[in-house]
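Visitor: I'm new to this one and would like to learn how to read it. Could you walk me through a few features?

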Amino acid sequence: MVDFKAVQDKWQKKWKEEKVFEVDIDPKKEKFFINTPYPYISGSLHIGHARAVTEVDVYSRFIRLQGKNVLFPMAFHISGTPVLGISLGIQNGDEKKIAQYKEYVRAYVSNEKEVEKIVQSFVEPWNIVNFFIPKMKEEYSSLGLGVDWRRSFTSGDVEHQKLVEWQFHKYKEKGYLMQGKYPVLYSKTLKNAVGEDDISDGDTNPVEKKEFTLMKFPFGDAFLVIATLRPDTMFGQTNLWVNPDISYVKAKVNGEKWIVSRQCAEKLSFQDKKVEIIEEVSGKSLLGKSCKALHKNSELLILPYKGCKPEIATGLVISVPSNAPYDYMALKELQDSAQLCQKYGLDHTKIKQIQAISIIESEGFSSEAAKEICARMKITSLQQEKLLEEATKEIYKIEFHTGKLLSTCGKYAGKSVQHAQQMIIEDLKKEKKADIFYETSRPAVSRDGGEVIVAIMDNQWFLDFNAKGWKKEASQSLKSMEIVPNKYRKQFEDVFEWLDKRPCARLRGIGTQLPFDTKWVIESLSDSTIYMSLYPIQERLKKYKVTGEQLTPEFFDFVFLGKGKVADLSKKLGLKSSELQDIKDNFDYWYPFDQRHTFQPHLANHLSFMIFAHTACFPKEKQPKKISFHGLIISEGMKMSKSKGNVVTLMDLNKSYGADAFRAFLCNSTSVDAMMNWQSSEVEKTKKHVENIFTVVEEMTKNEREGTISNKAFVSRVEGLIKRATLSLEEMNLRDYSNVVLFDLLREYQRVARLGKDLPAIHYYLSTRWVPMLTPLCPHYAEELWALSKNKGFVSTASWPKYNEKLIDEKAEFVEETIESFVDDVREIQKLVKKEKLSKVVVILAPSWKYTFMKEFKKEFAKERDIGVLLKKVMDKEHAKEITALVPSLVKNTSKIPFVVLTQKEEEAVFKEYKAQLEKKLSCTVEIVCAEKSAEAKAQQALPSKPAILVQ
RNA sequence: GCGCGGGUGUCGGAGCGGUCAAACGAGCUAGGCUUAGGACCUAGUAGCUUAGUGCUUACGCAGGUUCAAAUCCUGUCCCGCGCACCA
C-alpha cells in the first residue's frame with residue numbers, strides 16, 4: 001500500500017530544496033504573473049482561504065507546463081482594526097477572545113504553559129503577526145502550492161508602507177483626495193470612531209447610521225424639535241407627543257433655542273452643532289400647549305405619550321395618526337378615555353376633534369393606512385409594541401415604494417413618497433425649518449461599555465472617485481481588461497457608475513499613516529490596491545538591503561514610472577546604480593500582472609478600487625490584464641462559522657485527505673465561479689478515487705514500452721480528451737479539465753485494457769500524457785508517478801502534452817460506437833425473447849440505396865428543416881414509399897441520423913472486422929448479410945449503422 | 001427597494017436554439033473479484049410498450065416567438081448574495 005502522506009511530504013520537501021517555484025527574469029520565456037488577494041491574519045487558515053489559492057495553483061501549473069515563466073507570489077494583510085482588536089481583547093481580559101486564541105495556538109503548540117505565554121504575548125499586535133505568518137505559510141505550502149515565498153511581505157512592512165505613501169502622494173497630486181464632513185459611529189468613552197468589531201455584538205447585530213430629518217416647530221421664543229424618518233407625512237401631522245414623565249432641556253443650538261431631550265442635546269454637540277443648555281423643561285409643563293405647524297398656519301397640540309424615549313432621537317415625536325400605527329393607537333387611547341385626559345388636565349372634547357388626515361395612498365393601503373393595518377393585525381393597544389413595530393415597517397416599506405401623495409399635500413400632491421421625501425427635506429432646509437440628525441439604528445455600546453452614537457467628523461479624508469477624469473480612465477482600463485466570467489463586466493460598470501466618495505483613512509488601526517496628515521491611518525481597503533506591484537521587487541529590495549528611508553517617492557517614480565536618471569537617484573539615495581536598475585528591470589519584466597483571481601464579493605469594493613488605484617498610479621501598459629472570479633465555499637450545506645462547528649481548517653484537511661484529494665475535490669465538485677459545498681463524505685470518495693488512479697497508473701508504469709497502437713478509436717478518443725482538457729484549462733474551466741483527468745481517461749483506459757491488445761504501448765502512450773495532465777490537479781502523485789516511469793527532473797516543470805488533431809478520427813470512434821450499440825441491441829432483444837443462450841445472430845445491413853439516401857439527406861438537413869421541401873430534395877422514385885415514411889421520422893427524431901454515414905461496403909467491412917470479437921462477446925456465431933440478399937421482413941427496418949438483427 | 005446570480009433526476013451538478021430520459025460524479029439494485037471489503041470491476045436505475053433500436057413525460061409556474069426551446073422573449077413565484085467606510 002502506498003503511503004500517500006509520505007509521497008506528499010517528499011515532493012513538497014524536494015520542491016522547496018530545489019527551489020522549483022522560485023522564479024526570476026528569464027528573457028527567453030514569456031512571463032505569467034498571477035496573484036490572489038493576500039489573506040488577513042486572524043487565526044488558522046480554512047478551506048475558504050484554500051479555494052482561491054488552489055485554483056490559482058492548478059491553473060498556473062498548467063501555464064507553467066505550457067512553457068511560461070510563472071510567478072505566483074503571496075503576502076499577508078494585517079492592516080485595520082481586527083489584529084488590533086485581538087490585542088486589545090487580550091489586554092482587557094476578554095475571556096472569549098483569550099479562549100479562542102488559546103485554541104488557535106494549541107493547534108500548533110502542545111505545551112499548555114507555552115500556549116498561555118504565547119497568547120499573553122499577543123497584547124502586542126506584531127507578536128500575533130509573527131506567530132501566525134510562518135504557520136500560514138506552512139499551511140499554504142501543504143496544499144502543494146507553487147508559491148515563490150521569497151517575495152512575501154505584510155502590509156505592515158516598511159516596503160509596503162512606503163509604497164502606499166507613494167500611492168497617496170499620487171492621489172494628492174492628481175486631486176483625487178478631499179476632506180469633508182462625514183458621519184461615523186463613535187464611542188463616547190473611546191473618543192474615537194468605531195467599526196463593527198469594536199461594538200458589542202456588532203458582528204451579529206450590526207449597527208447602522210440612520211438619517212433623520214429634524215423639524216423645528218416654533219414654540220414661543222424656542223423650537224420644539226422632532227426627528228422623523230418620514231418627512232413626507234408632514235401634511236398628516238396633527239399633534240406632538242411628549243413624554244410627561246421626563247424632563248427636556250431648552251438649549252442654545254447654533255444660536256437658536258431648541259427643546260429636546262438632554263441626551264439629544266449632547267448628541268447634537270457631536271454632530272457639528274454648538275450646544276449650550278439653558279434650562280430644564282419638564283414634559284408635563286408642555287402638555288396641552290401647542291406649537292406652530294410648518295406647512296400651514298395652524299397649531300399642533302402637545303399631548304402625552306409615554307413611549308417617547310429620551311435616548312432616541314430628540315425625545316419628542318410628531319404625530320401622524322393616518323399613517324403611523326403608534327400615533328394612531330396613542331391618539332385613539334386618549335380620545336377613548338375622558339379619564340386619561342382629565343389626569344393630564346387636557347380638554348377631552350378638543351382632543352376628540354383631532355382627525356387623521358388623508359395624505360397618502362399606496363398599492364397596499366388606502367389613505368387610512370394606520371387604521372387599516374391595526375385592524376388587519378388585530379392591534380388594539382399601545383402595549384402590543386412588537387406588532388406596532390412590524391406594522392410601522394410594513395407601511396413604510398409599501399408606501400415608500402408605491403405610495404403617492406394626495407391632493408391634501410399642497411405642491412407635493414401626486415408625487416411619489418420617495419420623491420416627495422427628498423423635495424420636502426430640501427424645501428424645509430432652505431426655509432431653515434429643518435435639519436439633519438443622525439442616530440444609531442439600535443442602542444449600542446462599544447466593547448468597553450461606552451455608549452455608541454453618531455458623530456460628524458469635519459475633516460474626514462475621502463477618495464473622490466468622481467474627481468476629474470478618474471472614472472473615465474478607470475472605465476477605459478476596464479474595457480481592455482479580460483473579465484472571467486465576462487458576465488461580471490456589467491456589474492463592474494454599474495459599480496463604477498455609483499462609486500462616489502469613500503472615506504479612506506481612520507483615526508485608529510494598524511496601517512500606513514497618511515503622509516501629509518499623520519494623525520490619520522490609511523484605511524485597510526484603501527491600502528491594499530496596488531501592493532501586487534511589490535511582488536516583482538520585494539526580493540531584490542531585501543537582497544540589496546534597501547531601507548525605508550531610501551524608498552522615497554522618487555524611488556518609486558523611477559522604478560515604476562521610469563522617471564529620473566539612475567545616476568542621480570543612485571547618488572541621492574546611496575544605492576548602486578546597477579542595483580536600482582536591476583530592481584526596475586524586475587518590475588518591468590513582471591508587471592503588470594496577468595491575472596488576479598478573486599472572491600466574487602470583492603467586485604464592488606476591493607477590485608473596483610484596485611482598478612481605480614492602478615489607473616491613478618500606473619501608465620496604460622501597466623494596467624491589470626485579467627480578473628477572474630471564484631465563488632463562495634460553504635461547509636456541509638451551511639456558511640462556515642465557529643458556532644456551527646463546520647469550519648474545516650487546512651490542518652484538518654491535511655490530516656484527513658491530503659492535498660491532492662482536496663485539490664481534486666475542489667476542482668471537480670463545481671465550476672470555479674459557482675458556490676461550492678464542502679461535504680466530507682464526498683471528499684472521502686474523491687480521495688479514494690484519486691488514490692485508485694494512482695494505483696492504476698502505477699501498474700501501467702510497470703509494463704510500458706513505446707510502440708504502435710492498432711486501436712485507432714482509442715487513440716482518437718484520448719487525443720480528443722487531451723484537446724478538451726487543454727481547451728478547458730485555457731478557459732480556466734477546472735471542472736471540465738478535472739473530469740478528463742479523473743474520469744474520462746480512466747474510463748478510456750479500462751475500456752481498452754479489457755481488449756488486452758498492445759498493452760505496453762498503450763501504457764506508454766497513456767502514462768506519458770496522463771501524468772503531466774494530472775500534474776496541475778494532483779502534483780504530488782504526479783511527481784511520484786513521473787519518477788516511477790524513470791523520468792528525470794520534475795513533472796511540475798515538464799511539458800503539457802500536445803494533442804495531434806490528425807489522430808482525432810471521428811470515423812474510427814463512430815465505428816466503435818456502432819459496434820457497441822449493436823451489442824446493446826442484441827442484448828436487448830435477447831432479454832425480450834427471454835433466451836438464455838443464443839446460437840446465432842444475423843446482421844442485416846441496410847440496402848445500399850439507404851446509405852446514399854442518408855448521405856444526401858444529412859447534407860440537405862443541415863440547411864433545410866421543412867419536411868415538404870426536404871422530401872422533394874431527396875426523393876427517389878424507386879423508393880418513394882420508404883422515403884416518404886423515413887423523412888418525417890428522421891426530422892422528428894434526429895438521433896436516427898448517424899454521425900458519420902459510411903457506405904454499405906464500409907459498414908460490411910467493419911462488421912467483418914469485428915466479427916470474431918462479437919462472436920466472443922455474444923458467445924454465438926455471427927452472420928453478416930446485406931438487405932438486398934435477405935428475404936427477411938426485418939431487413940426493411942435496417943438503417944445505416946443500425947442494421948436489422950435476427951437472433952436465434 | 002435597487003443590482004447581480006440561480007431554480008433541471010434521490011443528490012451534487014452538465015447542457016444555454018436542433019443528434020438521447022438528460023454529460024460526469026454520487027446514491028441505490030443486482031452480479032463479479034475476494035479471507036474480508038466501507039477497495040476495485042460489470043450491468044441496471046422515469047413510465048409504458050415491443051422481436052427490438054418505439055411511444056409518453058421532465059427542466060420553478062404561466063404565456064409567447066420558432067419547423068424546432070431547459071436553452072430566446074414577457075409576466076409571475078421562490079432562493080442566495082451585495083448595497084460601501086468593513087476585512
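Guide: Let's start with a helix on a sheet. Helix α8 (residues 262–270) lies across β5, β8 (247–253), β9 (256–261), β10 and β16, and the helix runs at about 125 degrees to β9. Helices (H or I, at least four residues) and strands (E, at least two) are DSSP runs, numbered from the N terminus. Axes are lines fitted to C-alpha atoms, for helices over the stretch in contact, and angles run from 0 to 180 degrees between N-to-C directions. Contact means heavy atoms within 4.5 Å.

Visitor: Before we go on, what are we looking at, and how is it numbered?

Guide: This is a predicted model, where local features need pLDDT of at least 70 and side-chain atom pairs count only at pLDDT 80 or more, while totals for chains, interfaces and linings use all residues. Residues are numbered from 1 along each chain as its sequence is written, chains are lettered from A and ligands numbered from 1 in the order in which they are written, and side-chain values use heavy atoms, with hydrogens and water left out.

Visitor: In what order do the strands of the open sheet with 6 strands come?

Guide: Strands of a sheet pair through backbone hydrogen bonds, either parallel or antiparallel. Here, two strands pair if DSSP finds at least two bridges between them. The order is β10-β8-β9-β6-β5-β16, with mixed pairing. At the edges stand β10 (275–282) and β16 (434–440), each with a single partner strand, so one side of each has no neighbour in the sheet. On average, neighbouring strands are turned by 35 degrees against each other, direction ignored.

Visitor: How many bridges join β5 and β16?

Guide: Strand β5 (residues 209–219) pairs with β16 in the antiparallel sense over 7 bridges. You can find T213 opposite I436 in β16. Helix α15 (residues 417–430) also lies across β5 and β16, at about 120 degrees to β16.

Visitor: Which residues have the most contacts inside the largest nonpolar core?

Guide: In soluble globular proteins, nonpolar side chains tend to be buried together. A nonpolar core is a set of buried Ala, Val, Leu, Ile, Met, Phe, Trp, Tyr and Cys residues joined through side-chain atoms within 4.5 Å. Buried means under 20% relative accessible area, exposed over 50%, partly exposed in between (1.4 Å probe, protein chains only). The largest core has 106 residues, and W678 and W770 have the most contacts inside it. Leaving aside neighbours within four places in sequence, W678 contacts residues including I47, I634, Y657 and F665. A second, separate core of 72 residues includes Y38, M457, C504 and F612.

Visitor: Is Y305 buried or exposed?

Guide: Y305 is buried, with a relative accessible area of 14%. Look for Y305 in the loop between β12 (299–304) and β13 (317–319). Not counting residues up to four places away in sequence, Y305 touches W241, V242, N243, P244, Y326, A330 and L382.

Visitor: At what angle do α26 and α27 pack?

Guide: Helix α26 (residues 712–730) and helix α27 (residues 734–755) pack at about 170 degrees, with their axes 8 Å apart.
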